[in-house]
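Here is a short report on one protein chain. Please read it alongside the sequence and the coordinates.

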Amino acid sequence: MLRHKFYMFILYNEFGKKLKDALNSLFPGLIREPQPVRVPVQRPAERQRGMRR
């Protein structure tokens, strides 16, 4: 839980970003940037969409 809060702090706070840059300059690769992940989305079948209306 504490780890999650720390990551939220460094990602969304201006001071946290400066802290992350300082830590990464001392220890390269210590805190990595989050990478976007593609998630496949299934669209409902045409027949199912027609029943909802």
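The sections below cover the basis of the model, the fold, a salt bridge and a surface patch.

## Basis

This is a predicted model: local features need pLDDT of at least 70, side-chain atom pairs count only at pLDDT 80 or more, and totals for chains, interfaces and linings use all residues. Residues are numbered from 1 along each chain as its sequence is written, and side-chain values use heavy atoms, with hydrogens and water left out.

## Fold and surface

The protein chain has 3 helices and 0 strands. Helices (H or I, at least four residues) and strands (E, at least two) are DSSP runs, numbered from the N terminus. Along the sequence the pattern reads α-α-α.

The protein chain has 53 residues, and 8% of them count as buried. Buried means under 20% relative accessible area, exposed over 50%, and partly exposed in between (1.4 Å probe, protein chains only). The chain exposes about 5,600 Å². Carbon and sulfur atoms supply 58% of that area. Accessible areas come from the Shrake-Rupley method with a 1.4 Å probe; for residues, only the protein chains shown count as cover.

## The salt bridge

How many salt bridges does a search of the whole structure find? The search finds 1. The term means a side-chain nitrogen of Lys or Arg within 4 Å of a carboxyl oxygen of Asp or Glu. The partners are Glu33 and Lys20, at 2.1 Å from N to O. Glu33 sits in the loop between helix 2 (14-26) and helix 3 (46-52), and Lys20 in helix 2, so the pair ties together parts that are 13 residues apart in sequence. Side chains of opposite charge can pair when their charged atoms come close.

Is Lys20 buried or exposed? Lys20 is buried, with a relative accessible area of 9%. Glu33 is partly exposed, at 43%. Not counting residues up to four places away in sequence, Lys20 touches Ile10, Ile31 and Glu33; contact means heavy atoms within 4.5 Å.

## The nonpolar patch

Which residues form a nonpolar patch on the surface? They are Phe6, Tyr7, Met8, Phe9, Tyr12 and Phe15. Together they hold about 610 Å² of accessible area. Patches take residues with over 30% relative accessible area and no salt bridge: like charges are joined within 9 Å, nonpolar side chains (Val, Leu, Ile, Met, Phe, Trp, Tyr) within 5 Å.

Helix 1 (residues 2-12) gives the most to this patch, with 5 residues. Tyr12 is placed in helix 1. Tyr12 is exposed, with a relative accessible area of 67%.
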